[in-house]
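Please read them with the structure open.

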Amino acid sequence: MAASSSKSKSVFVTVGTTCFDRLIMTVITPDFCKVLHSIGYDKVVLQAGRGIFDSDVKMVEGLQLEYYRFKNSIADDIGSADLVISHAGAGTVLETLDAGKPLIVVINEELMGNHQLELAEQLYTNGHLFYATCSTLVTTLQSMNMENLKPFPRGEPSKFATFLDKLLGFS
Amino acid sequence: MSGEIGEAGGEAEPGETEKVAGGGGHTTEILRIVSSLGRQYTPKVYISADTDHISQDKIKELENSITQKDRYEIVTIPRSREVNQSWMSTVLSTFYACVYAIPVLLTHRPDVVLCNGPGTCIPICGAAFLLKVLYVKRTRIIFVESICRVKTLSLSGKMLYYFADELLVQWPSLLDLYGRCRYIGRLV
């Protein structure tokens, strides 16, 4: 992608309120950081959630790392990222797509059967995001083409208003 | 963006809508829908679980952001189910919450109950349905399924399948399985 080479690019990794240490551990491996660096990224911000993960590593393979556990709002971190890597939580997924940011959803295989996966799977099928597991994340990163992602426009609550007006005889 | 869709032409009676706020993402979803409704839907009564302060804050935030202030009220009832609560005790606490819900509906006598989620949804709809069968008040029960539901209805959706007047879903794929549902487009 034709990213302006002068601007530093960053990735935001978020696990919401879940415990998903495996994703965090995957992201800070030298293998993963090397690939990220090679495609132009130089900073990773990690929202580590409830996991037991704790680290004071600040730099891996030329990539600057920043951690925190929770914030009231992750909107700013999504907004300043060039790529978001997230757990399958519907809230985060929708917030990221709303912000128009490219997104890789990483499935926590320990939480299979979780209904939240339905939404992420459908959005993947419809071409709005990429979909990976911790073991396929590196391959996904190497093979994905962000230009193929389709925007996911917000729904239209006004359709509900129209529907209700008609139902109650207001229109 | 404007919520002023179809001004009530003077003849239609103002509808009193009750919104049932669930926790977390459900609250965000229903408030997006509510924010599009015109002024004919006033006064509004929001119903929230007593322990759900986050939802109550979100409701206040929305109502305070509306430029033309409307009357609204937040009523709290006991939560019918906490996360991980067992089935048997859920039945009991839902019954208890229904008992609380009946006077709320008798006081406000809404034309529409709009709900989308877990928590307080079932007791309120149960009470509304009861008053409807007893010919006390013809309240329309409208359930909007969460955008998260692509292939299956939520437990609340399944429970309300035959009780709600309208069940709106946000993915057309659900219509194959659940013929009573309606898809009018994605709403949130």
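Is Ala81(A) buried or exposed?

1. Ala81(A) is buried, its relative accessible area being 1%, where buried means under 20% relative accessible area, exposed over 50% and partly exposed in between, computed with a 1.4 Å probe on protein chains only. The residue sits in the loop between helix H3 (75-80) and strand E5 (83-86) of chain A, helices (H or I, at least four residues) and strands (E, at least two) being DSSP runs numbered from the N terminus. If neighbours within four places in sequence are set aside, Ala81(A) is in contact (heavy atoms within 4.5 Å) with Ser10(A), Phe12(A) and Lys101(A). From C-alpha to C-alpha, Ala81(A) and Lys9(A) are 7.3 Å apart in space, although 72 residues separate them in sequence.

2. On conventions: this is a predicted model, in which local features need pLDDT of at least 70 and side-chain atom pairs count only at pLDDT 80 or more, whereas totals for chains, interfaces and linings use all residues. Residues are numbered from 1 along each chain as its sequence is written, chains are lettered from A and ligands numbered from 1 in the order in which they are written, and side-chain values use heavy atoms, with hydrogens and water left out.

3. The interface comes next. In chain A, 28 residues are in contact with 34 residues of chain B, and the two chains bury about 2,800 Å² between them, 67% of it on carbon and sulfur atoms; buried area here is the accessible area (1.4 Å probe) that two parts lose on being put together, summed over both. Glu118(A), Phe160(A) and Phe170(A) supply 26% of the area that chain A buries against chain B, more than any other three residues.

4. Across this interface the rule finds eleven residue pairs in polar contact, with both residues at pLDDT 80 or more. A polar contact is a pair of N or O atoms within 3.5 Å; within protein, one must be able to donate a hydrogen and the other to accept it, and residues adjacent in sequence count only if both atoms are side-chain atoms. On the side of chain A that touches chain B, helix H4 (90-98), helix H5 (116-125) and helix H7 (157-168) each supply at least two residues, and H7(A) gives the largest share, eleven residues. By class, that side has 14 nonpolar, seven polar and seven charged residues, with Ala, Val, Leu, Ile, Met, Phe, Trp, Tyr, Cys and Pro counted as nonpolar, Asp, Glu, Lys and Arg as charged, and the others, Gly among them, as polar.

5. How many salt bridges does the structure hold over all chains? There are 13, three of them found across the interface of chain A and chain B, with a salt bridge defined as a side-chain nitrogen of Lys or Arg within 4 Å of a carboxyl oxygen of Asp or Glu. Within chain A, Lys43(A) and Glu66(A) meet in one at 3.2 Å, N to O. This pair links distant parts of the chain, Lys43(A) lying in strand E2 (residues 41-47) and Glu66(A) in strand E4, 23 residues apart. Lys43(A) is partly exposed at 25%, as is Glu66(A) at 34%.

6. Between the chains, Asp98(A) forms a salt bridge with Arg32(B), the closest N and O atoms being 3.2 Å apart. Because Asp98(A) lies in helix H4 of chain A and Arg32(B) in helix H1 of chain B, the pair joins two chains. Asp98(A) counts as partly exposed at 34% relative accessibility, and Arg32(B) is partly exposed at 23%. Salt bridges that share partners join Asp98(A), Arg154(A) and Arg32(B) into one network.

7. Some backbone details deserve a look. The peptide bond from Thr42(B) to Pro43(B) is cis, with omega near -5 degrees, and Pro43(B) lies in the loop between helix H1 (24-34) and strand E2 (44-49) of chain B. Tyr135(B), a residue other than glycine, has a positive phi near 60 degrees; Tyr135(B) falls in the loop between H4 and strand E5 (140-144) of chain B and counts as exposed at 77% relative accessibility.
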